[in-house]
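Notebook open, structure loaded. I'm jotting down what I look up as I go.

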Amino acid sequence: MIVWSPAMSADAAERLKAAPAVQRVPTPKLDLYRRRDFLDPDECAAIIAHIDRNRQPSTIVDDYGGENNFRTSETSHFDGDDVLIDTINRRLSDFLGIDAVFGEPMQGQRYAAGQEFKAHTDYFDPGGAAMREIRATAGQRTWTAMIYLNAPDAGGATRFKVIRKSIQPQTGTLLVWNNLKADGTVNSATLHHGMKVRAGVKYIITKWFCERPWSPA
Ligand SMILES: O=C(O)CCC(=O)C(=O)O
Ligand SMILES: [Fe+2]
């Protein structure tokens with residue numbers, strides 16, 4: 001079984017820095033990159049239609065103190081056979097240089113006006129119940145890839161609170177970051193908030209990579 005190592009994240013970071021049209025967000029606190037036009041508008045429209053076919057209320061795993069209305073969006077699990085989803089999965093693992101076996105199944109998220117995902121981290125509380133129970137096989141999350149499928153009419157930016165940086169949704173833009181520090185421990189500077197959509201609807205793809213294969217052979 002292949003197992004993630006900090007060296008793999010260092011390789012991914014080097015690959016991203018060398019890739020054309022990739023912008024690194026200038027901060028020493030985390031590895032965060034943006035690539036515009038990662039998907040073309042037709043691909044985005046097809047994925048939006050897919051999300052609209054089978055969306056259901058989003059859930060959260062760690063309970064963030066039981067705060068209400070923490071994540072009010074809807075989620076679509078892309079778990080069937082779909083040529084476009086397969087293509088995007090492959091393109092993402094090639095882009096990051098991370099073996100596709102580490103990938104959780106891709107998801108879509110839809111935020112109507114007024115919906116949001118309050119400040120959270122994509123890694124799991126290292127000492128929490130979720131890590132012991134539902135993450136026993138795949139382990140911690142390593143990298144996050146997020147693709148904006150459209151630009152809502154107002155609101156809906158992704159705000160990285162610790163580094164005070166907001167990313168505005170643009171059709172086809174990919175955002176990727178490492179949830180871990182160079183030594184492999186969790187990086188609290190990745191705290192981010194999917195801010196409230198003020199007008200229109202926001203659609204994104206989310207894809208997480210893990211320390212161990214998602215479905216061991
Ligand atoms: O909607 C966003 O901008 C952020 C989404 C997010 O952080 C997540 O799904 O984990
Ligand atoms: Fe997140």
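Predicted model: local features only at pLDDT ≥ 70, side-chain atom pairs only at ≥ 80, totals over all residues.

I searched the whole structure for disulfides, taken as pairs of cysteine sulfur atoms within 2.5 Å, and found zero.

Residues are numbered from 1 along each chain as its sequence is written, chains are lettered from A and ligands numbered from 1 in the order in which they are written, and side-chain values use heavy atoms, with hydrogens and water left out.

**Metal site.** Which residues donate to the iron ion (ligand 2)? I get His 120 (NE2), Asp 122 (OD) and His 192 (NE2), lying 2.1 Å from the iron ion. Donors here are N, O and S atoms within 2.8 Å of the metal (3.2 Å for Na, K and Ca), and sites may look incomplete since water is not among the atoms. The sequence spacing of the donor residues is H-x1-D-x69-H. His 120 sits in strand β6 (residues 117-120) and His 192 in strand β12 (residues 192-194), so I note a link between distant parts of the chain, 72 residues apart.

**Record check.** An unreviewed UniProt entry annotates residues 102-211 as "domain: Fe2OG dioxygenase". UniProt positions are in the numbering used here, feature names are shortened, and annotations may be inferred rather than shown by experiment. I looked at that span: its end C-alpha atoms lie 7 Å apart, and it is 4% helix and 41% strand.

**Sheet with β6 and β12.** I traced an open sheet of four strands in the order β6-β12-β9-β10, with antiparallel pairing. Two strands pair if DSSP finds at least two bridges between them. Strands β6 and β10 (165-167) are the edges, each pairing on one side only. Strand β9 (residues 158-160) pairs with β10 over three bridges, antiparallel, and Phe 160 stands opposite Lys 165 in β10.

**Strand β11.** Is β11 (residues 174-178) mostly covered or uncovered? Mostly covered, as five of its five residues are buried. Leu 174, Val 176 and Asn 178 are on one side, Leu 175 and Trp 177 on the other. Strand β2 (residues 32-35) pairs with β11 in the antiparallel sense over four bridges, and Arg 35 has Leu 174 as its bridge partner. Strand β7 (residues 141-148) also runs antiparallel to β11, joined by five bridges, with Met 146 opposite Leu 175.

**Aromatics.** I count three aromatic pairs, using rings of Phe, Tyr and Trp (its six-membered ring) with centres within 6.5 Å; planes under 30 degrees apart are stacked, over 60 edge-to-face, the rest tilted. Phe 70 and Phe 117 have ring centres 6.1 Å apart and planes at 80°, so this pair is edge-to-face. Both Phe 70 and Phe 117 are buried. Phe 160 and Trp 177 are edge-to-face too, at 5.0 Å centre to centre and 85° between the planes. That pair links β9 to β11, 17 residues apart, and both Phe 160 and Trp 177 are buried.

Notes: Helix = DSSP H or I, 4+ residues; strand = E, 2+ residues; numbered from the N terminus. Buried < 20%, exposed > 50% of the residue type's maximum accessible area, 1.4 Å probe, protein only.
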